[in-house]
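User: Could you walk me through this one? I'd like to go over a pocket and then a sheet.

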Amino acid sequence: MKTNYGRIIDKSIHCNDKGAVFMEASVSCNMIEILKEPNNEVLTKLLPCSLSCSKPVEEYAQIVVQANIFKCGGIAISLCLLHKLIDGATFSCFLKSWATTNRALLSLDSSPNNMVCSDYKSFSSLCPQANLLPFHQKLINNNNNEVVVPSSTSTRNRRLRRFVFRSKAILDLKAKAKSSDVPNPTCVGTLTGFIWKYAMKVADEYSSQRPSTLSHVVNIRKIIEPSLPEVSVGKILWGTVAHYSTTSNEEFENLELSKLVSLLRKSFEKIKNKDYIKELIMGSDKGRSKSVMKLVGEINKWPLSNYYFCTSWRNMNLNQVDFGWGKPIWIAIAGDSNELMSNVIVFLDNVLDDGSVEAWILLDEKEMELLEQNPQFLSLHC
């Protein structure tokens, strides 16, 4: 089944009935077998396509969906999205709209007030044909001004793994994250600092890479003036950049969580500056390009091999999406680890809605093994 979603041609979308693809697949096991021991290699088999884009963007659909039907009758819906247009908020809006439409077709929800309507005009009229966040796809090498793809910076095998942090562990970490700079650490800021700390430690143990950079994606819909509705379609994001470096072995060994959380908070404060965002959005093409290159330059301050990319899918209410047969019992990410960008951290709400957070971490395989053996890290993960 295909719908009228269109393909990207240059900086526009052409409606040609080739924009969305829907497929069905039969899975020869019961869903519980996958849920008992979540495994990225198995989950990847449920995806409708490869995550690697080897063809021109014009040849790809915006959305590819696969409904996986298990022997027990359970259904797992998997999606691959073209990130050139779709960010987390747009993805969430699409899912909610689709689910509401499906419930109406099943005569389970006839109220039009529940429909989530996407807004295609607000951002495009404010900032037409702008690609605000290219840095997670392509980065500039400061040495020779060549564009490099982050996933190609390492030829070693990588592994994606899920870690669950219960609410009690998060509260304990928040207490350690507090400082005069950050008296009220957030959940995401605290967990980001905690994971960054131990990711740096295993990287240092494995390959002696001390300086590190962490970039966090930020939804800027509410930061822009006038603010945009959450249903605004587009990749309406910008990135924070935090650096940590020391030449002291003693300082590195005794690195406090509060130090990293403070660095992260300072990087977030910069992006909340209204004048900074106004210049970025409302400025000329030349001004926006300058801002992009400045951001890329900050990311490339130190080697990309010790660069971490973080994004949060929390508070998007994905665990409330109901197609008419109940809310999801689990939400996950998946993909061929060696096709994905290195050193990625993704946060999701646990579907139990008990304050727990899932962190999906992609690291070099050797570094992941060291992380899994680190008693201090594992003591906070269940």
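**Pocket and sheet**

Analyst: This is a predicted model, and in it helix H2 (40-44) and strand E9 each supply at least two residues of the lining of the second largest pocket.

User: Which of the elements gives the most to that lining?

Analyst: Strand E9 does, with five residues, while the lining as a whole is made up of 17 residues, with Asn39, Asn40, Glu41, Arg159 and Leu160 lying nearest the centre of the pocket.

User: How much space is in there, and what's the lining like by class?

Analyst: The second largest pocket holds about 340 Å³ of space, and its lining divides into seven charged, six polar and four nonpolar residues.

User: OK, switching to the sheet: what's the strand order?

Analyst: The six strands form an open sheet in the order E9-E14-E13-E12-E10-E11, and their pairing is mixed. Strand E9 (158-165) and strand E11 (237-244) are at the edges, where each has a single partner strand, so one side of each lacks a neighbour in the sheet. On average, neighbouring strands of this sheet are turned by 20° against each other, with direction ignored.

User: And E12 with E13, parallel or antiparallel?

Analyst: Strand E12 (residues 307-312) pairs with strand E13 (residues 344-349) in the parallel sense, over four bridges, and threonine 311 stands opposite valine 346 in E13.

User: What lies across E10 and E11?

Analyst: That is helix H8 (residues 257-271), which lies across strand E10 (212-219) and strand E11 and runs at about 145° to E11.

Notes:
Residues are numbered from 1 along each chain as its sequence is written. This is a predicted model: local features need pLDDT of at least 70, side-chain atom pairs count only at pLDDT 80 or more; totals for chains, interfaces and linings use all residues. Side-chain values use heavy atoms; hydrogens and water are left out. Two strands pair if DSSP finds at least two bridges between them. Axes are lines fitted to C-alpha atoms, for helices over the stretch in contact, and angles run from 0 to 180 degrees between N-to-C directions. Contact means heavy atoms within 4.5 Å. On a 1 Å grid over the protein atoms alone, a cavity is a set of points where a 1.4 Å probe fits but cannot get out, and a pocket is an open set with protein on both sides within 12 Å along at least five of seven lines; lining residues have an atom within 4 Å of a point. Grid points are joined across faces, edges and corners, and a volume is the space filled by probe spheres set on the points. Ala, Val, Leu, Ile, Met, Phe, Trp, Tyr, Cys and Pro count as nonpolar, Asp, Glu, Lys and Arg as charged, and the others, Gly among them, as polar.
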